[in-house]
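Try each task yourself before reading its solution.

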2 protein chains.
Amino acid sequence: MSEAAIQTYTRADEAFDCLQTAIVKGDLAPGEKIGEVELCSRFNLTRGPLREALGRLESRGLLVRRPHAGVKVVSVSAEELMELYRIRETMEGLAARQAAERMTDEEIADLQATLDTHERMIEQAQGQAYYQAEGDYDFHHRIATGSRNAKLAQMLLGDLYYMVRMYRYRLSTSSGRPHMALGEHRRIAEAIAQRDGELAEFLMKRHINAARRNI
Amino acid sequence: MSEAAIQTYTRADEAFDCLQTAIVKGDLAPGEKIGEVELCSRFNLTRGPLREALGRLESRGLLVRRPHAGVKVVSVSAEELMELYRIRETMEGLAARQAAERMTDEEIADLQATLDTHERMIEQAQGQAYYQAEGDYDFHHRIATGSRNAKLAQMLLGDLYYMVRMYRYRLSTSSGRPHMALGEHRRIAEAIAQRDGELAEFLMKRHINAARRNI
DNA sequence: GCTCTATGGATTGTTGACAATACCTTCATT
DNA sequence: AATGAAGGTATTGTCAACAATCCATAGAGC
């Protein structure tokens, strides 16, 4: 049987996804005060599911909501992005360490194979930052899930990454340095393959620290 | 003027708080499938605000919701609590380091004064774990906010602490060891007062690690 | 006797209308 | 002229009814 992607998709989920991508991509300016009815007409929704989605978004810190006053997208600053990277540094360090201890051999092989395809992509589209960003996301995604720590993965994948992507869109901070990042990814994967959790943690922290300084 | 505690409190907020405390305190059993109408009659609400609150709770990982099938409280295990403590260890370590660098002298004085009152409370109610738990919460709360890292504080205070408290209620894991914890708190505060971020981080990590092993 | 299917009931998801609150405009007063 | 207050309007918060989906039970077929 197929994996049943027909997992019933409620309107509220749809609203949540639409809003989230709209916020992350910058279609909704920060500080912009938007009415609910306008959002409804914009995404073909009714206010019930929309409000549910707004609650979820607020809980995740992507927008703020004052009672009877409306909702507005969170404003961003470079300092806050820095703080976000500090959090990522420690949390992904932990994820890398646990991944080194817990990923299956098959997963590790997949991880390294993924890096090969990333390398080919970078070679093909020379300097195209887009593939690099996707590949970067993919790499960190696999390690987060590989940590076998449900809450950690949820925090990284569900909260932090969206925030980081939003900030990067807003501040137009392209990740740049594709080759260097790939090399660092390689070394991290190598450490994981050797089941050296301490080294994997150290390398991951340094990797994210370097990315932060690159901003 | 007073700080305006009359901050308008919407029904959805009320529902959110009620549900959250009910889940944390264990009034709603884990795995229990509860109907929306039952919840409404239980907390004197209507389904609109309730659904909004349910969305927020789901987003925070306190309950799971399958479309058209109902909601149920998350089931818990000792392993997951361990994982939670691992996350706390790294994140609160970071918080302690940043707090050492950023708290004002006044905040540090307040922090140490708080520890004095904790000590008196422990002496008075000998062995009473309740005050210790409250004091513990208070201490970590101050450090999280003192880190001047909004997202970090949000993650710790808004997500992790509720989860930890829920698990502790479920597994009836009283924190125990009040005197030892107080001493560790004292040393952490001392390191912060000396602006020694590295030491504060190290001590905090060890403190939480000890608490984890105590389970 | 066991399994698969179909129908009924109950619960969730959604919708539109109603009520309450905050913001903005206008007017009066200093 | 500037500031304050008061009212109107628009927007948000809330409610109750409608529609869609799933689970359980009962029945038939193998």
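A residue counts as near a strand if one of its heavy atoms lies within 4 Å of it. The model is predicted, so to speak of local features pLDDT must be at least 70, and side-chain atom pairs count only at pLDDT 80 or more, while totals for chains, interfaces and linings use all residues. Residues are numbered from 1 along each chain as its sequence is written, chains are lettered from A in the order in which they are written, and side-chain values use heavy atoms, without hydrogens and water.

**Exercise 1.** Describe how the protein meets DNA strand C.

Step 1: Find the neighbours. DNA strand C is surrounded by 18 residues, with A:Arg11, A:Thr46, A:Arg66, B:Arg47 and B:Arg51 the closest.

Step 2: Look at the DNA side.

Step 3: Pick out polar contacts (N or O atoms within 3.5 Å). The side chain of A:Thr10 has an N or O atom 2.8 Å from a phosphate oxygen, and A:Arg66 likewise places one 2.8 Å from a phosphate oxygen. B:Arg47 brings a polar side-chain atom 2.7 Å from a base nitrogen.

**Exercise 2.** How are α1(B) and α3(B) oriented to each other?

Step 1: Take the axes, which are lines fitted to C-alpha atoms over the stretch in contact, with angles from 0 to 180 degrees between N-to-C directions. Helices are DSSP runs (H or I, at least four residues). The axes come within 8 Å and cross at roughly 50°.

Step 2: Classify. Angles under 35 degrees are roughly parallel, over 145 roughly antiparallel, 65 to 115 roughly perpendicular, and the rest oblique; α1(B) and α3(B) are therefore oblique.

Definitions and conventions: A polar contact is a pair of N or O atoms within 3.5 Å; within protein, one must be able to donate a hydrogen and the other to accept it, and residues adjacent in sequence count only if both atoms are side-chain atoms. Helices (H or I, at least four residues) and strands (E, at least two) are DSSP runs, numbered from the N terminus.
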